[in-house]
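Q: I have a model open on my screen. How do I read its features, one at a time?

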Amino acid sequence: MQLRNRRFLLLGGTGGIGQSLLQALLAEGAVLLVASRQPESLQLPEGASGVKLDLAAEDLDQQLQAITDTWSDIYGVIHCAGQNQFAGLSRTPVSAIDSQLAVNLRSPMLVARHFVSRFAAAGATGEGALVFVGSTFGSIGFPGYTAYCATKFGLRGFTEALRRELADSSVQVVYVAPRATATAMNPQVVNQLNQALGNAVDSPEMVAQRIVKAMTRDQRRCFMGWPERLFVVINGVLPRLVDRALFKQLPVIRRFLESGVSQ
């Protein structure tokens with residue numbers, strides 16, 4: 001996938017990974033539209049412009065149409081937005097479940113639906129790119145992240161089905177799954193949990209570079225981190241082994257879940 005002089009709509013560009021991804025894409029010569037509910041408040045470097053978009057809005061499809069009516073040269077979309085909450089399911093508010101479903105799963109589907117139709121309308125030249133940033137938790141269910149895992153499992157399945165649906169077209173569908181990343185999205189209790197479990201945590205800059213590499217190398221799927229990539233394979237073939245490993249960690253995980261520090 002060529003990035004230079006092509007315009008991409010970046011969703012989640014104000015988050016930890018998103019900010020690093022913005023810089024990495026600009027360094028490759030891409031031209032960016034950065035979506036935000038308040039684009040007027042953004043301070044963006046040269047090569048990037050803000051556009052108004054609320055991924056949780058009921059009228060998301062109409063908002064996307066307004067953007068493409070104005071910016072007809074959008075080549076692709078990078079969906080890097082997401083929400084999560086570390087909490088036991090019984091302590092997870094309905095509003096938190098609804099917001100994660102809306103942002104993490106509904107919005108990628110509506111974004112893809114809108115742009116697939118737009119790319120198809122271009123006929124034989126209907127090139128385009130749809131890049132989705134998922135998570136290792138889209139392949140491995142983890143205690144305390146039941147709703148988040150459900151949305152990320154859904155995102156992974158959606159991108160897989162969409163890729164196969166568009167296999168005879170010129171539209172590229174890329175799915176990238178980072179492992180734990182050091183961003184402000186994680187509350188202190190999650191940072192403490194990762195430290196207690198000895199989980200490796202990547203920097204947003206490293207993750208951003210890996211996403212760009214997946215795009216430029218036309219990778220369909222990219223799972224980050226070792227041994228996380230191995231665990232993804234094992235979980236798909238012998239999930240009981242992962243069950244046992246997580247069961248051993250459950251007392252530690254439960255201690256952090258019940259600490260009350262996460263909110």
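A: Start with the salt bridge: a side-chain nitrogen of Lys or Arg within 4 Å of a carboxyl oxygen of Asp or Glu. Here the side chains of D202 and R179 form one, with 2.9 Å from N to O. The model is predicted, so local features need pLDDT of at least 70 and side-chain atom pairs count only at pLDDT 80 or more, while totals for chains, interfaces and linings use all residues. Residues are numbered from 1 along each chain as its sequence is written, and side-chain values use heavy atoms, with hydrogens and water left out.

Q: Where in the chain do D202 and R179 lie?

A: Elements come first. Helices (H or I, at least four residues) and strands (E, at least two) are DSSP runs, numbered from the N terminus. D202 sits in the loop between α5 (188-197) and α6 (204-216). R179 sits in the loop between β6 and α5. The two are 23 residues apart, so the pair links distant parts of the chain.

Q: Are D202 and R179 buried or exposed?

A: D202 is buried at 7%. R179 is buried too, at 16%. Salt bridges that share partners also join R179, D202 and E228 into one network.

Q: How many salt bridges does the structure hold?

A: It holds 6. One of them joins R7 and D73, with the closest N and O atoms 2.8 Å apart. R7 is in strand β1 (residues 7-11), and D73 is in the loop between α2 (60-70) and β4, 66 residues away. R7 is buried, at 17% relative accessible area. D73 is partly exposed, at 43%.

Q: What about the salt bridge between R164 and E160?

A: Its N to O distance is 3.1 Å. Both residues lie in helix α4, 4 residues apart, or about one turn of the helix. R164 is exposed at 58%. E160 is partly exposed at 28%.

Q: How do I read strand pairing, and which strands pair with β5?

A: Two strands pair if DSSP finds at least two bridges between them. Strand β4 (residues 74-79) pairs with β5 in the parallel sense, over 4 bridges. There, V77 has L130 of β5 as its bridge partner. β5 and β6 are also parallel, over 6 bridges. F132 stands opposite Y175 in β6.

Q: Why is β5 described as largely enclosed?

A: In β5 (residues 128-133), 6 of the 6 residues are buried, so the rest of the structure largely encloses this strand. Check each face. G128, L130 and F132 are buried on one side, and A129, V131 and V133 on the other.

Q: Which handedness does the unit of β5, α4 and β6 have?

A: Point the strands away from you. A crossover is right-handed if the path from the first strand over the helix to the second runs clockwise. β5, α4 and β6 make a right-handed β-α-β unit.

Q: Which element gives the most to the lining of the second largest pocket?

A: Rolling a probe the size of a water molecule over the atoms shows where empty space is left. For the second largest pocket, β6 gives the most to the lining, with 4 residues. By class, the lining has 5 nonpolar residues (Ala, Val, Leu, Ile, Met, Phe, Trp, Tyr, Cys and Pro), 5 charged (Asp, Glu, Lys and Arg) and 4 polar (the others, Gly among them).

Key
Buried < 20%, exposed > 50% of the residue type's maximum accessible area, 1.4 Å probe, protein only.
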